[in-house]
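Thanks for coming. I have one structure to go through this morning, so let me put it on the screen.

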Amino acid sequence: MTTATASGRDRALPVEVKICGLTRERDAAHAVHVGASYVGAIMAGGPRLLTVDRARAVLGPRRHDVQRVVVFGDQHLDDVIVTVQTLDLDIAQLHGHCSVASIDTIRRKTGRMVWPVLRVAGTTLPVDAVALGAAAGAVVLDAHVVGQLGGTGVTLDWSGLRDAVEALRESVPGIRIILAGGLRPGNVIEAIRLLSPDVVDVSSGVESETGVKDSVLVEQFVAAARSAAGMQR
Ligand SMILES: O=C(O)c1ccccc1NCC(=O)[C@H](O)[C@H](O)COP(=O)(O)O
């Protein structure tokens, strides 16, 4: 039995999991094995940066059981498009500066989904949240940390952001909210309860060292996210 909310979201829908910042084939395979719906590789700089060849090896070929995401930074748009095509990606996550025009161009030229990232500090969303969300049909909410694009381990103010996220859902019906930033097995249920994201996205919170995923933490994270179905809002 499911219940539609005022914003049209289905309370009992399970929350999907994205395991991001993968650098090893075995970690990606394990994430899929335990139920992650998305696996992500970083081409945006930082300590988990992969080349195109390493991203191909880690993410593997396109397939039905998982969606493969590459996180881009401030690359030239043409480079993003070529990489999406070369790796046959499902989703391009834009962690650097992005615009409605760049989202439209990537979508038109690749036919693939684009996830713009809203880097959030405090309890408001950036002014272009509605425009970017409407163009892409989805947004990633991640922590705004000066000098670091992502993989920061810093959490958002989930309860303080509830009104802003609800307003975004009302402005862009059907928008998918991907929640990132400092999630861990021990706090993901609370984040889901407060913000009802469609997807929870984790990197450093399931690592034993930078770029190395801990199989037990990954399993615990997926199990915790799954257990939160029906608890939202
Ligand atoms: O993970 C990185 O190293 C990274 C570097 C540069 C840009 C983005 C990056 N990560 C993107 C992600 O989608 C992460 O999952 C997200 O930032 C959450 O990270 P964490 O707070 O460590 O869970």
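Which residues have the most contacts inside the largest nonpolar core? They are V139 and V200, and that core has 76 residues. Strand 5 gives the largest share of this core, with six residues. Before I go further, please keep in mind that this is a predicted model.

Let me stay with V200 for a moment. Setting aside neighbours within four places in sequence, V200 is in contact with V15, V17, L179, L183, V188, A191, I192 and A225.

Now strand 5, which runs over residues 113-120 and includes V120. Is V120 buried or exposed? The cut-off for buried is 20 or more other C-beta atoms within 10 Å. V120 has 24 such neighbours inside 10 Å, so V120 counts as buried. Its contacts, again leaving aside neighbours within four places in sequence, are L125, L141, D142, A143, H144, L156 and L161. For a sense of distance, take F221, which is 101 residues from V120 along the chain: the two C-alpha atoms are separated by 23 Å.

Next, the whole protein. There are eight helices and 10 strands. Of the 233 residues, 46% are buried. The C-alpha trace spans about 45 × 40 × 35 Å along its principal axes. Why call the protein compact? Because a compact globule with 233 residues would have a radius of gyration near 17 Å, and the protein has 16 Å, which agrees. As for contacts between residues at least 6 apart in sequence, 60% of them join residues at least 24 apart.

On annotation, the UniProt record, an unreviewed entry, carries "domain: N-(5'phosphoribosyl) anthranilate isomerase (PRAI)" over residues 17-223. In the model, that stretch of chain is 36% helix and 22% strand. The C-alpha atoms at the ends of residues 17-223 are 10 Å apart.

Last, the ligand. How many residues surround the ligand? There are 25, and the closest are C20, G46, G150, G151 and S204. Sorted by class, the shell has eight nonpolar, 14 polar and three charged residues. Two strands each supply at least two residues of that shell: strand 2, residues 38-43, and strand 8, residues 199-202.

To recap, the largest nonpolar core has 76 residues, and the ligand is surrounded by 25. That is what I have for today.

Key:
Residues numbered from 1 in each chain as written. Predicted model: local features only at pLDDT ≥ 70, side-chain atom pairs only at ≥ 80, totals over all residues. Near = placed C-beta within 6 Å. Helix = DSSP H or I, 4+ residues; strand = E, 2+ residues; numbered from the N terminus. Nonpolar A, V, L, I, M, F, W, Y, C, P; charged D, E, K, R; others polar. UniProt positions renumbered as here; feature names shortened; annotations may be inferred. Buried ≥ 20, exposed ≤ 12 C-beta atoms within 10 Å, placed from the backbone. Contact = placed C-beta atoms within 7 Å. Core = buried A, V, L, I, M, F, W, Y, C linked by C-beta atoms within 7 Å. Rg over C-alpha atoms; globule rule 2.2 N^0.38 Å.
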